[in-house]
Amino acid sequence: MLWYKAWLETRSRFLTSLATLTVFCAVFVHHAQGILRPEWTPAYNRLLYIAQQYIVVLWILAVVLLGMGGIVREKATGASLLTLSLPVSRALLLGVRVGVGVLEAIILAVVPWTAIFLVSSHAGMPILVSQVGFYVLLLVAGGLVYFAMAILVSCLVEGEYTAPAMAFGVVFLTIIAFDAWLRPLNLWRLITGDFYIDRHTYLLSAHFPWLGALACLFVSAVMLLVSVKVVQRREF
Amino acid sequence: MQLMQQIRHAAETGALRDGDQLPGIRTLAEELVVSPNTVAKAYSELEHDGLLELRQGSGAFVCVKRRTRSLADHVQAARRRLGDLIERLREEGLLDEEIKRAFEAELLYPAGIVRKR
Amino acid sequence: MTGTPVIQTRDLTKSYGGVAAVRGLNLSVEPNRITAFLGQNGAGKSTTIKMLLGMVRPSCGDGTVLGKRITDAKENCEMRRSVAYVAENKPLYGYMTVEQTIRFASSLYSDWRTNVAKKLLNEYKLPLQRKVKSLSKGMRTKLALLLAFARRPELLILDEPSEGLDPVGIELLLQMLVAQASQGVPIFFSSHQIAEVERVADDICILDNGRLLVNASLDHLRESYRRIDLVFPFAPPEYEFQIAGVERIHSQGHEMRVFASKNAEAVIEHARDLNAVSVEVAPVALRDIFLETVKEN
């Protein structure tokens, strides 16, 4: 029932984000359909590339929101002493929360892009499944770093509103930092596909950046491990 | 304690008769909302005094013997005498509260005995 | 009836910064008893309970609950399977309905009693489909207590259970408590309601400023604590009465009141030796035992 609890906790955030993303995508494509001709495929691909950027922003915001919660937050709402008296380890509690969040994050990446795919096909401007897959994979592999960061912040910071404020602050800072100093390692550009876009066809070419994805997953794993340690040491 | 006194009083006045069964420890504890250990202790002390018979598996049964009945008579007589004494003390001007404290004090630490050494 | 203590601590200490919330606690809670934990606000009761359940780490010292070490995370987690605990603030999940809360709790504990849960739901008149956050305070308290009473744990720990309950609720609470005790469940509860404690408790622990000052059965306290009122023909010699067992002495004019936790006979003898004009002895109610114990500290 721990999974059910985590689901109940994130349900409204998840469904709202899902609705927002999907509606946005459908509208975007529908709008694009109105101003493009089939022969303008590169232009359409460019629009998809732009769509990804919007999706990335919304997705990261959603995923950071999904990473909020947990026993540290429950301390503020007064429920922590119930959760902590349960016969489950703190690591398991965090693990379930992360598991539910990751699943929700994946769905939040897949569903909107599926919507784009379906709407595009229906509108007579089919896009390659491989392209959709590429975008989704980039989003999830790279973007989960932000989810892991949100989890870590939720374990460190008390207060119902302080934690999300801090998490969003970190997102904002990383955007600036990546743009200003860490160009080669720009996570943002990795996720949006900036590194792999062919400027002529606006298709994601080149191979999928397995190394980059692995590096991101590694960083995420490290942050999650630190979160576990933080939560285990904390006193309530 | 209070529970024991109540059971004794009931036995003396005949409200509880020989052979009557008292509720089980658990039932009585839940009814009176007191610790089951309190009931258990009361029952075991009453058994020690001979007023109750605790049968394994069946429960607690009252044994009002001749001794108890005559004890009841003694208690009745003692109460009459106490009643007279209390009336006299009141006439001498003592308040009920003072009388009560004097009784408690004497019961706990009789002045006569301590002084004798 | 003594066996292995269900709770046992050895020099349990917790300091926050330089302030000790709990000092050198050597607590022993026996099985098959109802043990009440008394203390003023901030005396360290909740901190002690939290240390027992792994929510707070002791600064030093150790303890066991049901034989499992409290400082070992794994053993502590295992122990929590058989311990039912309701914290002072009666914690619940606001976003769950009453029914979801019950399903959640029942899924995590093998000692859950569905029939008892149903009975309590009816008695407490809790609306199944209502979300916890829209329940009144009294109903939330009842639900939080239900989560513990619908189980048959090996130990029941309650922190200020009657807080937030009206008199009817308190009566129901005590009935549930006694019902659990009748089934052999040892109960460890902290309370400010001395009257209730006197009714149901077997053993009393008094905590003050982090120290355990009293750990005895209620019967023993009733038999040994005495209030001795003395009147002397001269100014009462307080220093003469600093003997073993004397907890506190108040004097005013020619009168002296001695609170003794034991050895009352020695005090009386001494008073007579000193030619006391009047010696009156009375038993001490639990409320006064508590007040005198924490005042003196």
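Predicted model: local features only at pLDDT ≥ 70, side-chain atom pairs only at ≥ 80, totals over all residues.
1. Chain pairing. Two pairs of chains are in contact, and chains B and C share the most contacts of these. Chain A and chain B, by contrast, are joined by no contact. The closest C-alpha atoms of chains A and B are 26 Å apart.

2. The interface between chains B and C. On the chain B side, 15 residues take part, and they are in contact with 20 residues of chain C. Four elements of chain B each give two or more residues to this side: α2 (25–32), α3 (36–49), α5 (96–108) and α6 (111–116). The largest share, four residues, is provided by α5(B).

3. Sorted by class, the residues of chain B that touch chain C comprise eight nonpolar, five charged and two polar ones.

4. The sheet in chain B. Strands of a sheet pair through backbone hydrogen bonds, in either a parallel or an antiparallel manner. In chain B, three strands make an open sheet with antiparallel pairing, in the order β1-β3-β2. Its edge strands are β1 (21–22) and β2 (52–55) of chain B, each of which pairs on one side only.

5. The pairing of β1(B) with β3(B). Strand β3 of chain B covers residues 59–62, and two bridges join it to β1(B) in an antiparallel arrangement. Within this part of the sheet, Q21(B) has F61(B) in β3(B) as its bridge partner.

6. Helix and sheet. The helix α3(B) lies across β2 and β3 of chain B, and runs at about 115° to β2(B).

Technical notes:
Residues numbered from 1 in each chain as written. Chains lettered and ligands numbered in written order. Contact = placed C-beta atoms within 7 Å. Nonpolar A, V, L, I, M, F, W, Y, C, P; charged D, E, K, R; others polar. Pairing = 2+ DSSP bridges. Axes fitted to C-alpha atoms, helices over the stretch in contact; angles between N-to-C directions.
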